[in-house]
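Take a look at the model below. The report that follows starts with one detail and then widens the view.

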Amino acid sequence: MSITKKLIRFWPLYLMLVPCIIYYVLICYVPMGGVILAFKDYSFRKGIWGSPWVGFRYFRMFFTSYDFPRLLRNTLIVGFIKCILEFPFAIILALLLNEFKNEKFKKISQTITYLPHFLSTVIIVTMLQRILAPNIGVLNQFIGKLGGDPGTFFLMEPKYFFQLLFSMDLWRNIGWDSIIYLAAISGVDAALYEAASIDGCSKLKKIWHITLPGIRGTIGLLFIMGVGGLLSKGFEQIYLLRTPGNMSVADTLDTFVLQMGLMNGQFGYATAVGLIQGIVGLILVIVCNRLSKRFTGVSLW
Amino acid sequence: MRKSIRKRLLAGALVVAVGAAGVTGCSSKANEGAKGGESASSSDNTGKPDTWIADRTITVQAYVNDIGNSLPKDLANTEVMKELTKRTGIKLDIQYTPGDKDSNVMAAQLASGTIPDVIFSYMDDSTRKEFPILLKAAKEGMFADVSGLLKDTKVYSHYLEDKYLPDDSRKNIMFRKDFNGAAYILPLSIDSEDRSLIYDPETAYRGGLYIQKSIADKLGIDPSKIRTQDQFYDLLVQIKNGNFKDDNGNPVFPLGPKYWGGSPDTLQYIVPGYTWGVSDGYNLDSNGVIKHEADTDYVFEKINYLRKLLAEGLMNPEFFTMDGTRAEEVSRSHNSAIMADVHNYQDIIYASEDWIPLGPLDDVTGNNAKVEHGKKQNGVWAISADAKKPEEILKFFDYLSTPEGQLLCQYGVEGKSYEMKDGKPVLTDEALKKLNEGDKDYLVNNIGAGFGYTGCVFFSFVLTNIDNMNNFGENRPGANSSNTFKRAVEVAKDYPITYRLVPGLNATGYLSAESMTDVKAQMSLLNYKEMIVQAVYAGTDEDAKKIVESFRQQLKAAGNDKFIEYLTQLYKEDPSAICFDKK
């Protein structure tokens, strides 16, 4: 069927699509024109288009700046924690929840694990500050009761920063992220499990040979999409957890963009760094998509 | 088939409804915007009072959270605004946009290229974060040039007089060389005369270190005799050995955070003896060479001293980072024997007799007099280049700063919130009662006057040419008849401080020069005080040294040598341009 025929036949559906297309064009694509700022010395009065061109000045400034290696290293570590390290945990939780026979217990467990997702980062970080406070925090008091030193100031020591970030992020998102895997698991053909039982398959083998291959497509897609944000992950948490003590590891490209752009009014410079993040993210998505297509057959396009 | 037609019609109607809702939403907002931004002006002044300016609305955007937090619910119907409109014809539409920081909101709004008629911002001096943004906007022609209008004003014409404005306000903010004779940014809250070296207990804010009186008494010390860093350390050790308990029975920390929350800013009170870089990190060494403190040994003395306090449990480990709520809690529960910073007009000080000032400690020159740089300013404002008839706007704000205008702005309307006695205003019993009770709703929504920054702050913030004692016989409304601040004045009287003049601006104020643009961009990412804190909390002394070394390299890479060269040149031309303080 030709496109014209499809348009005529399904016109109500296409008509209903129009507001969505307008939304994406206006809100997501038109502002992308703003990346041109990365090559301009932005003038408040002349606006984006009227400001003078400065070529790759900001990119040169950034790549030759003293802070570049440190910012990149910190950003990559945070990206690795959030995109790679945390990734399997939601799948494992979904597999565990799927194995629960008691429906009531399953639902309670699900609810408890989802709840933290609805708390704002500010509240979570404030709670964390209280829990980890030296001498009076719950954790330090517990350490003190066990005979340890209750004076550890976790938030001021760089060596604890990534562990805290990982634990906090996992606690907040694991339940929410597992929903999509649970939905995918429910779509796996029940006959396969029955056949496996008849053949004497153990639970672990069923998970390995039926469930996981059954949700392989979902896992692949979510991974590819997550990798795109490798350089721009979790700004709020990092910004709020940053203290003078841990700033050597807590400064990332995102905090740099905020400091340069909004706090110092260097909009062009901040846009250039933001653009680098976006381009690296796009390249990562394309590469991962190709690799995934070649080796597993799963791909976004 | 009929069902299918019905579905299609329904789908079509849905899309039309969504579209219509969107269009309606936009047009409603646009109307509102047009209404808010409207600045209709009528110049028919027949039968109007002498103070009449024009029948128009001035739209104001304030990047000042104190103003935003004290805006009346219905500004047009407060006593002050009704009277102002009656006298001048002007109506005000004051807008405030809350955000993470006012400076961030300002940067984002100015970057959009359009601003309302007038903007107000915080600005103690040109080293503040807001200044580079305002300077960029001024240079790009976003603000109206008022230089030609000043001579016709009653109050702002003083700004044209030599020595009226503080040096920084004149040279770096208002009459900059690179403005080529234009004036875009107007400083606020300038005292009519320089009283910066006069200590008047009736008006003085006595800030800095405060110690619990009961602890000082038990130890038998005179807190004003604690002057050196060694004496301060010994006092902290004495407090620790005294095993004092707070209200909850927990041991006190000898040194606690400042009342408003932990901050590296308090270094100025606890280690002034090691603060060699008095000019925002810079100073002249004994050979007359300009250096950053990080490149001297003072940085290690400071860090080692603080590391010792921390290691020996003499200061609260959260001294630099505690949030405001908890810092207030530890202060109120007497968990800190010494508060790193608070002042006598904070209720924890004036509402009880629990705390008394400590020190101040000697600075690097062995003097504990507070360094003053002369007159001060507090805030700036600018008129949009697109505002209609900027002369009317200037005339209006000029009127507010006349004694008549200031009386209305600070005290409200005669007969309603004050009466005149012997030529000076005295608050009515009701207004005084509400002021003492801190009834903000009455002060802001009913009267709408500033009441010395305790009511509608906008009307205190926008004033200049301040001379409250001569104009009104008291430093702030109600000061003479109120008992609330009696203890605050007593504290200032019993624990006086002295001042000494070191003219000039902090060195980093000169980073806003055109030739320093790239250096400033890199320097703005460095925070010396945060580095100090980072080194204080480093695992080992070796790690602390590495942090300092790394900072030295960052400073160099940011273009510190170029900046020092520029400062040296400036200093040679005019030694009073930069506030260096040699030992």
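## A facing pair

Gly256(B) stands opposite Met339(B), a residue of β9(B). Three bridges link β6(B) with β9 of chain B (residues 336-339), and the two strands run parallel. Strands here are DSSP runs of E with at least two residues, helices are runs of H or I with at least four, and both are numbered from the N terminus. Two strands pair if DSSP finds at least two bridges between them.

## The sheet in chain B

The sheet is open and has four strands, in the order β6-β9-β5-β10 (chain B). Its pairing is mixed. The edges are β6 (253-256) and β10 (355-357) of chain B; each has a single partner strand, so one side of each is left without a neighbour in the sheet. On average, neighbouring strands of this sheet are turned by 30° against each other, direction ignored (axes are lines fitted to C-alpha atoms).

## Chain A

Chain A has 17 helices and zero strands. Its C-alpha trace spans about 80 × 75 × 35 Å along the principal axes. The radius of gyration of chain A is 24 Å, whereas a compact globule of 301 residues would have one near 19 Å (taken over C-alpha atoms; the globule rule is 2.2 Å times the number of residues to the power 0.38).

Of the 301 residues of chain A, 27% count as buried (20 or more other C-beta atoms within 10 Å of the residue's own, with C-beta atoms placed from the backbone).

## About the model

This is a predicted model: local features need pLDDT of at least 70, side-chain atom pairs count only at pLDDT 80 or more, and totals for chains, interfaces and linings use all residues. Residues are numbered from 1 along each chain as its sequence is written, while chains are lettered from A and ligands numbered from 1 in the order in which they are written.

Key. Axes fitted to C-alpha atoms, helices over the stretch in contact; angles between N-to-C directions. Buried ≥ 20, exposed ≤ 12 C-beta atoms within 10 Å, placed from the backbone.
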